[in-house]
Amino acid sequence: MTYTGDVRVGGPSDTRQIGDVTLTKIAVGDMHNNAYLLRDATGQGLLIDAAAEPDRLLEMIGDTPVAKIVTTHQHPDHWQALAAVQAATGAVTVAHPVDAPGIPVPTDEYVEDGGTVEFGDTVLTVTHLVGHTPGSIALTLYDQTAPQLFTGDCLFPGGIGNTQKDAARFTALYDGVVSKLFDRLPDATWVYPGHGGDTTLGAERPHLTEWRARGW
């Protein structure tokens, strides 16, 4: 079956092959969070956002040895299952140092803008984006066909993440998303957000001026 990225809480996960990496997406919790499991050719895994419902996340993980769990930012809906999943897998926990104090599970590995997260033979590049939270991060997997971009709550279909109508926070996040994502990555870049369906940078690029004008 063709991957769509349209997953629902309580429903099945969706899986696609990206080069040597198998990606599985699942929706969990009251806030309809997305969690992403990446498994590469070595068999090692990486989980992005242990958001909620640890039993469902562990079922998705199965026998994959999860090397690391990345928390994209400090908001509680993105780490409700972190303690349980980390305890079950023994994975190294990863976050940006600015948001790490707001995550109740100790962070083992701090990552900064331009840094990397590695597991197995796979490397993802870290982008620090300020505005939704002070220490939000996005992760880019550079595949031969198109970059694969995991944006947490910084970029969605239809706009950037919530900045609570704070003009300074909106400007910081908008400018960061434009300069660090849209200006650096091609239209074919696939976007995996923290909630809801997927998109591409090409689908969203024509609306950037509109987003700036409306201020959210």
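The model is predicted, so local features need pLDDT of at least 70, side-chain atom pairs count only at pLDDT 80 or more, and totals for chains, interfaces and linings use all residues. Residues are numbered from 1 along each chain as its sequence is written, and side-chain values use heavy atoms, with hydrogens and water left out.

**The helix pair**

Helix H1 covers residues 54–61 and helix H2 covers residues 82–89; helices are DSSP runs (H or I, at least four residues) numbered from the N terminus. Their axes come within 9 Å and cross at roughly 35 degrees, with axes fitted to C-alpha atoms over the stretch in contact and angles running from 0 to 180 degrees between N-to-C directions. On the H1 side, Pro54, Leu57, Leu58 and Ile61 meet Ala84, Val85, Ala88 and Thr89 of H2 (heavy atoms within 4.5 Å). That contact has 7 nonpolar, 1 polar and no charged residues. Here Ala, Val, Leu, Ile, Met, Phe, Trp, Tyr, Cys and Pro count as nonpolar, Asp, Glu, Lys and Arg as charged, and the others, Gly among them, as polar.

**The pockets**

A pocket is an open set of points on a 1 Å grid over the protein atoms alone, where a 1.4 Å probe fits, with protein on both sides within 12 Å along at least five of seven lines; lining residues have an atom within 4 Å of a point.

| Pocket | Lining by class |
|---|---|
| Largest pocket | 5 nonpolar, 3 polar, 4 charged residues |
| Second largest pocket | 4 nonpolar, 7 polar, 2 charged residues |

Residues lining the largest pocket include Asp20, Asp40, Asp121 and Asp143. The second largest pocket has 13 lining residues, with Ile160, Gly161, Asn162, Gly215 and Trp216 nearest its centre.

How values were computed: Helices (H or I, at least four residues) and strands (E, at least two) are DSSP runs, numbered from the N terminus.
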